[in-house]
Structures are given as structure tokens and as C-alpha cells.
Amino acid sequence: MEKIPSRCKTWFGWCMYDWANSSFATVILAAVFPLYFAALVPEGGASLPIPGMSRTVPATALWGYVISISMLLVALSAPQIGALADRRGMRRRLLVVCTLVGAACTVFLGATGPGDYRLAGGLFILANFGFATGNIFYNSFLPALAAGSQLDRLSSYGFALGYIGGGLALALVFVMIQWHEFFGFADAGSATRAGFVLTGTWWALFAIPTFIWMRERALPQSPEPLVRGFRQYLATFSEIRGYSQLFLFLIAFLCYNDGIQTVIVVSAIFGKEELGLSQETILACFLMIQFLAMPGTLLFGRVAEKWGTRRSILITLCLFIGVTIYAFFMQSALEFWILAAVVALIFGGSQAVSRSLYGSLVPPQKSAEFFGFYAISNKFASILGPLTFGLIADLTGSARLSILSLIIFFIVGIILLLRVDVARGQVLAQGENP
């Protein structure tokens, strides 16, 4: 009989996955790869393979399109894959597959070179698919490992380890690039590609404790077609609509969080293309963001306790509006540093407080189902922000207008959030009938 790992080991195994895959979030999604990808695109723009058209797009627009395509693939496939995993007890196995695919594609990014923007974009799409889909399975283990106040504690442990692991991975890559000659690399580009290999290896190796100590009970097989995943998704959507305040908050969150995530994934390429900042300056800014985000999270946790959860979220959204306006007028490296510091302090807080508010509006007996819907809906919503950024940069040639356009996501989010009656929603969540 297989020995069941202790709770301490399973908790540690679960948290270590956040440590492992946060290397991808910091190095590939946010700080290093966007700059590398922009450098691969020809100076006059990238040609798009559209039949009957000869069209080129700037690097900033192409990056927005690539992000949107990768999230579209995740959103369309997640309901079916999730249904398969739930019915056949394959969450752990599919988490392993997603990790190996994502980590391998990240390593293969190290084999790209000048002009290989199509290959690099394709590998990134596959790697991001593995990252985002794997996170759905990873998060699905949370309700099975803890309950009540322990759920918040375990979630916080994973969040904290993710910040530390992602920050350390980014710091290692930064050191390799900054002092590439010391490490035997011919130039910064070679060191950057080696950093991608390090990132993929880090992700796979540090996920091993997760694979060893995470277990799940096998579920009975079902002959039903995979399309049931979408049917279940739509059924859950209909059910959530019955909880009016929860539904209203979910729509508000999907709007403003799309803006937040877009700011994070486009800021590096914005700094390079619009401000002419060096790779070293941008990476140093992201290191600061990584290590300031945790105290920022704790700060807004205190703000939420004192002034209320909804009010603390509104504060972060008003600050994000200020961030987009400030970014439009930025001209210097110092201003970019100031902007990065503000984002660092409000980013983690907005995420953590939003999750806790959503959790307080969810009926306890439907926690796993509604959080699963929350995760998949977030993937659908994450398509629009990067797409908006890319389209405006493509049509106007200005990344400044693109970043300013994100203000609409925050304004709509604020308007909807102001209409949420949190107290009433919490009462409805605790009642048997909405």
C-alpha cells in the first residue's frame, strides 16, 4: 500500500509549485523575455502571415497579440481539460504534463536567435499555455488540502514562496546578464538565452516535491464527451448569476484585473521601446517590484482590516489609474523607477484583497466549483487587455496611447465595484437560497 504523505509534506509540496513556476512569471512573462522578443523583431516591424495582405506590426503590438493568443488557447481548452481531470482523477498527472511542456518550451527559447521572432513567439505561446493551465490544476488542490482559516494560511504560504522563488530566479538571471563575461558568455544575448534555460530548469526541478508529495484520490471514469466541460462552465455561470452581488463583483474583478495584468506584462517592453531604457535598468526595476510586492500585500491587508475590503480595492484601482496617466507622460528612467515602486506596493495588495472579497461572497458549499469558474473566467478576461494594447499600438504606432487606453478597464471596474453591496452579498452566500 502506498504511504500517504503527512500534511506537512503535502502543504510543502503544494507551496513549492508556486516557488517553481514563479520563475516563469518573473523572467518570461514580465521582465526578460518581452525585451528579448522585441529585439528579435526587425526594426521596421514584423510581417504577419495573413493571406492576401502585406502587413507589418511593431514589436509592442506583436507582443500584445502573442499574449492574447496564448490566453485564448487556455480559455478555450480549460473547461474540457478540467472536466477530464475531475472525472478521471488526472489533476496531478495533467499538472505534471503542463509543467513539463511549459518548462521544455522555456528551455527551447534558449535556442532562438536574431530574427526568430515567429519561433520565439510560438514557443512562448506553448510555454504560457503550460503555465496558465497548470495553475488551474495547482489551485484546484487548495480546497482539498485545507479548509476555513487554514485555507487562507496555506494560500498565503504559497503566495509568499512564489514571491521569493520568482525574485531569486530573476535575480540569478539578472546577475548572469549584467556580468556575462564573468560567467563565460560572449555577450548579454547569450547570457539571456542561458537565463531561459535556467528558468525552465528551475521550474521543472523545484516542482519535483509537488509531484512526489501531492496525491489525489482516483475518480471514477466517465464515458461522457469532453464538451460537458463547457456545459458545466455555462451551468456554473447561470448559478452564479443567482447570487447578484457575487456576480456583480466577479464582472468588476474581471474588468479591472485584466487592466492590472496587462500593465504588468507590457511594462518592460514599454520601457524599452518608448523610453529607451537599458535591459539592466528594466530588470533592476522588476527586482524591486518583486521584493516590494510582499510588504505591499501586507500593507493593503491592514488597510482592508481598517477601512474595509471593497474600499481598499478602490484605493488600488484609483492608484492604477494614476499609474496609466503617469506612464503616458513619462520621459526618464527615474520616472520609470517611481512608477515601478508604486506598482510594487499596490499589485500584490489588489490581488490578495480581491481574492478574499470574492471568497467572502461565495457560498461555502460551492467554494471549489465557484473558484474553478473564477480561474477559467480570468483566462477569458485576460485576452482583451493585451489585445487592446496591441491593437492601439498597431493602429497608432504609439505604446503611450496603448498604455493610456487601459484606464477604461479600471474605470469600468470601479463603477461596477461601487455597486456591490458586500454585506448583502455575504448574507446571501451564507443562506441556503439566494
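These are my notebook entries on a predicted model of one protein chain.

**Ground rules**

I number residues from 1 along each chain as its sequence is written, and my side-chain values use heavy atoms, with hydrogens and water left out. Since this is a predicted model, local features need pLDDT of at least 70 and side-chain atom pairs count only at pLDDT 80 or more, while totals for chains, interfaces and linings use all residues.

**Entry 1: overview**

I looked up the secondary structure first. The protein chain has 19 helices and two strands. Helices (H or I, at least four residues) and strands (E, at least two) are DSSP runs, numbered from the N terminus.

Next I looked up burial. Of the 434 residues in the protein chain, 54% are buried. Buried means under 20% relative accessible area, exposed means over 50%, and partly exposed is in between (1.4 Å probe, protein chains only).

Then I looked up contacts (heavy atoms within 4.5 Å). I took those between residues at least 6 apart in sequence, and 83% of them join residues at least 24 apart.

**Entry 2: helix α11**

Helix α11 covers residues 244-275. I get 44 Å from its first C-alpha to its last, for 32 residues. That is close to the 46 Å expected at 1.5 Å a residue. The expected span is 1.5 Å times one less than the number of residues.

Where does α11 bend? The place is V266, and the bend is about 45°. I take the bend as the angle between axes fitted to the seven residues ending there and the seven starting there.

α11 is mostly covered, with 24 of its 32 residues buried. G276 follows α11 and has a positive phi, near 70°.

**Entry 3: salt bridges**

How many salt bridges does a search of the whole structure find? It finds two. The rule is a side-chain nitrogen of Lys or Arg within 4 Å of a carboxyl oxygen of Asp or Glu.

One pairs E273 with K272, at 3.6 Å from N to O. E273 is partly exposed at 38% relative accessibility. K272 is partly exposed too, at 28%.

E274 pairs with R400, and their closest N and O atoms are 3.4 Å apart. E274 lies in α11 and R400 in helix α17 (residues 399-405), so this pair ties together parts that are 126 residues apart in sequence. E274 is partly exposed at 26%, whereas R400 is buried at 13%.

I searched the whole structure for disulfides (cysteine sulfur pairs within 2.5 Å) and found zero. I also checked two cysteines for burial. C98 is buried at 8% relative accessible area, and C285 is buried at 0%.

**Entry 4: the core**

I looked up the largest nonpolar core, which has 132 residues. Such a core is a set of buried Ala, Val, Leu, Ile, Met, Phe, Trp, Tyr and Cys residues joined through side-chain atoms within 4.5 Å. W14, V32, F33, F37, F124, F249 and Y358 touch the most other members. α11 gives the most to this core, with 17 residues. In soluble globular proteins, nonpolar side chains tend to be buried together.

Helix α2 (residues 33-40) is mostly covered, with seven of its eight residues buried. Among them are F33, Y36 and F37. Beyond four places in sequence, F33 is in contact with V27, I28, W63, L109, A120, F124 and F196.

T192 lies in helix α8 (residues 188-206). Is T192 buried or exposed? T192 is buried, at 2% relative accessible area. Leaving aside neighbours within four places in sequence, T192 is in contact with V32, Y36, I177 and Q279.
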